[in-house]
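Here is a walk through one protein model, taken feature by feature. Keep the coordinates open while reading.

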Amino acid sequence: MAPRLTYDEAVALLDQISNWDRWGKDDQAGALNFITPAHRAAAARLVRSGEAVSLALPLATEYAADNPIPVTHLMDQQGHDAGRRAYSADYFAIAPHGHSITHLDALCHVFYRGMMYNGFARTEVGSHGANKCAIDITRDGINGRGVLLDIPKIKRVEWLEPGEPIFPEDLDAAERDHQVTTGEGDILFIRTGRARRRKVKGAWNTMREGMPGLDASCLRWLHDRKIALLGSDSTSDCVPSGYDRLMRPIHSGALVMMGVHLIDNADLDALATTAARLGRYAFQLTIAPLILTRGTASPVNPLALF
């Protein structure tokens, strides 16, 4: 399916959705400013049954077509050789970016025209990490109203195919079907069914064969709704994007221009099942990123509470 906009229209849209200086020239939190204490309190009141659902994939320790840099897991101390040491211990090394680890992108992760969110120069990221917009901006956690839009559900398919785009009218249709409206300060998750497809058909080369995701035309919709954070079981962007040199318009538009943090590679299957069973597509959502000073991302385990 062809992209909705021309390349020039997509580039112009990026300028139109800018949140630079909205919260001051020194702001590094971006759209997380939309989540106020009142938003958090309201989200807590959504909890009725107390059911909890994880939105994260297990850390992938084995090579796969979509996981060229597996998580390293080594045992420092094992049970059979513990001797007098009555414990076990291990070591993990994780490269969070890519298409296999559920992670939160910091606003310093992507540059557009040589800059990151709020006009900070890309040179603020050096060999010792990011001096601006790093992941430790989220050190107090992210807690608010989560919303799920299940696109395969409204299209009556198990999953969207690699390279299949999602358009604004699909988001509108999902809201109508789910009887939910995305609003200011919401933490929005878009389900494409990618995790389900992988479980059924196995891994595929996501760079070569593509992934389903949002078309650049969705950026206006996201900006108008004033979302605080965007997540997906894919990487939010449709891959390939169809916009020539603008390879990741959603990443550029969300992270750089709007200051919207992104969660990539979530597993939204259990969330979709629970939401459909309960008939509720809004819930309390909690994320506690690792406090990685000057880091560009953190592995996360988002938790939905119904």
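Start at the largest pocket. Its lining counts 18 residues, and those nearest the centre are Leu57, Pro58, Ala60, Ser100 and Arg198. The model is a predicted one. The space in this largest pocket comes to about 270 Å³. What classes of residue make up its lining? Seven are nonpolar, four are polar and seven are charged.

Rolling a probe the size of a water molecule over the atoms shows where empty space is left. How many cavities of 30 Å³ or more does the structure hold? There is one. The largest cavity has a volume of about 40 Å³. Its lining is made of Asn19, Ala31, Phe34, Leu222, His223, Lys226, Ile227, Met258 and Val260. Sorted by class, that lining has six nonpolar residues, two polar ones and one charged one.

Now the sheet. Strands of a sheet pair through backbone hydrogen bonds, either parallel or antiparallel.

Strand β4, residues 103-105, pairs with strand β12, residues 261-264. The sense is antiparallel, and three bridges join the two. Take histidine 103: its bridge partner in β12 is aspartate 264.

Two packed helices are described by the angle between their axes and the distance between the axes. For α4 and helix α7 (residues 218-225), the axes come within 8 Å and cross at roughly 45°. On the α4 side, the contact is made by Pro168, Leu171, Asp172 and Glu175. On the α7 side, Cys218, Trp221 and Arg225 take part. By class, this contact has four nonpolar residues, no polar ones and three charged ones.

Finish with two backbone details in loops. Which way is the peptide bond from valine 239 to proline 240 set, cis or trans? The bond is cis, with omega near -5°. Proline 240 sits in the loop between β11 (229-232) and α8 (249-258). The other detail is arginine 156. Its phi is near 60°, a positive value in a residue other than glycine. Arginine 156 lies in the loop between α3 (151-155) and β8 (165-166).

Key:
Residues numbered from 1 in each chain as written. Predicted model: local features only at pLDDT ≥ 70, side-chain atom pairs only at ≥ 80, totals over all residues. Heavy atoms only, no water. Pairing = 2+ DSSP bridges. Helix = DSSP H or I, 4+ residues; strand = E, 2+ residues; numbered from the N terminus. 1 Å grid on protein atoms, 1.4 Å probe; cavity = no way out; pocket = protein on both sides within 12 Å on 5 of 7 lines; lining within 4 Å. Points joined across faces, edges and corners; volume = space filled by probe spheres on them. Nonpolar A, V, L, I, M, F, W, Y, C, P; charged D, E, K, R; others polar. Axes fitted to C-alpha atoms, helices over the stretch in contact; angles between N-to-C directions. Contact = heavy atoms within 4.5 Å.
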